[in-house]
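Dear colleague,

I am passing on a structure for you to look through, and below it I have written down what was found. Please read the notes with the structure open beside you.

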Amino acid sequence: MPMDHVDGDNKGELVLYALSTCGWCKKTRLLLEDLKVEFSYIYVDLLEGEERNEIIEQVKKYNSNLSFPTLVIDNDKTIVGFNEEKIREALV
Amino acid sequence: MNHPEVDEAKVDDYYLKIKKQAESAGYHLNPDVEFTKSLIKSIIINENRYGYGACPCRLSSGMREDDVDIICPCDYRDPDLQNYDACYCGLYVSGEILTGEKKLKAIPERRPSPEQREKIMINKKPESKDLPFPVWRCRVCGYLCAREEPPETCPICKVDKDRFERFI
Ligand code: SF4
């Protein structure tokens, strides 16, 4: 899976599904970088073919609306959208 | 992320064009010019990528007929401005955000999910009524007209013909 990885403090497994063109996705990524946590991210709009379908199905499991950013914590907790408060709370 | 393929002069032109259009129609662009220009750059990227200026904050299918509701300005801009003082991306904002009385924040997605959209498409056959002309509605601004076909361009908000729906 073509995830990009950012090093930092381990606060659980964080996966950010994002779009390369989206302003709120960018703010979310920058927030995670500011918080200095370890996370992986993927730009779904840049994927093609099978890979794209696979990742789309993955996102839908956590967020049936298929909206971005979708942040998944430990394959369990999902935060949809740039919700700064919720993200900070989840990562203390 | 850098998008070196779009040059800044093009972004500036586009910005001035839609700013003028927005203001003359009573809309406001986000006063955070840096944020606004980065969204505009993304719309241009999408134009180049897909052939239409799809919403930068939504996943495009690459097929215009599936994405016609999210070509900027999208069908959801006006209801979101009404309910949340901004469009989904934060490109367009209300007067209260413009003056700083309210603060811009991310808002929930109003566009139906892919499954819901399919259902809507299936149920969307307007009944034909006994009218001399059908009535067409611009899904972006609500403009109505009674004629054989919608106009090439909405005379009010300037979007393309395929943004019209049969209303009556
Ligand atoms: S949400 Fe805003 S930027 Fe996105 S398509 Fe709608 S009007 Fe354009």
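What is the area buried between chain B and chain A, and what percentage of it do carbon and sulfur atoms give? The area is about 1800 Å², and carbon and sulfur atoms give 57% of it, where buried area is the accessible area, found with a 1.4 Å probe, that two parts lose on being put together, summed over both.

Please keep in mind that this is a predicted model, in which local features need pLDDT of at least 70 and side-chain atom pairs count only at pLDDT 80 or more, while totals for chains, interfaces and linings use all residues. Residues are numbered from 1 along each chain as its sequence is written, chains are lettered from A and ligands numbered from 1 in the order in which they are written, and side-chain values use heavy atoms, with hydrogens and water left out.

At the interface, 27 residues of chain B are in contact with 21 residues of chain A, contact meaning heavy atoms within 4.5 Å. The rule finds two salt bridges across this interface, a salt bridge being a side-chain nitrogen of Lys or Arg within 4 Å of a carboxyl oxygen of Asp or Glu. B:R49 forms a salt bridge with A:D45, and their closest N and O atoms are 3.0 Å apart. On the side of chain B that touches chain A, α2 (33-50) and α6 (114-122) of chain B each supply at least two residues, and α2(B) gives the most, with seven residues. Helices here are DSSP runs of H or I with at least four residues, and strands are runs of E with at least two, numbered from the N terminus.

Within chain B, helix α1 (residues 8-24) packs against α2(B) at an angle of about 105°, with the axes 9 Å apart; the axes are lines fitted to C-alpha atoms, for helices over the stretch in contact, and angles run from 0 to 180 degrees between N-to-C directions. The two helices α1(B) and α2(B) are therefore roughly perpendicular to each other, a term that covers angles of 65 to 115 degrees.

Two details of the backbone remain. Most residues other than glycine have a negative phi, and most peptide bonds are trans. The peptide bond from A:F68 to A:P69 is cis, with omega near -5°, and A:P69 lies in the loop between α2 (49-62) and β4 (70-73) of chain A. A:L66, which is not a glycine, has a positive phi of about 50°, and A:L66 lies in the loop between α2 and β4 of chain A.

With best wishes

Definitions and conventions:
Parallel < 35°, antiparallel > 145°, perpendicular 65-115°, else oblique.
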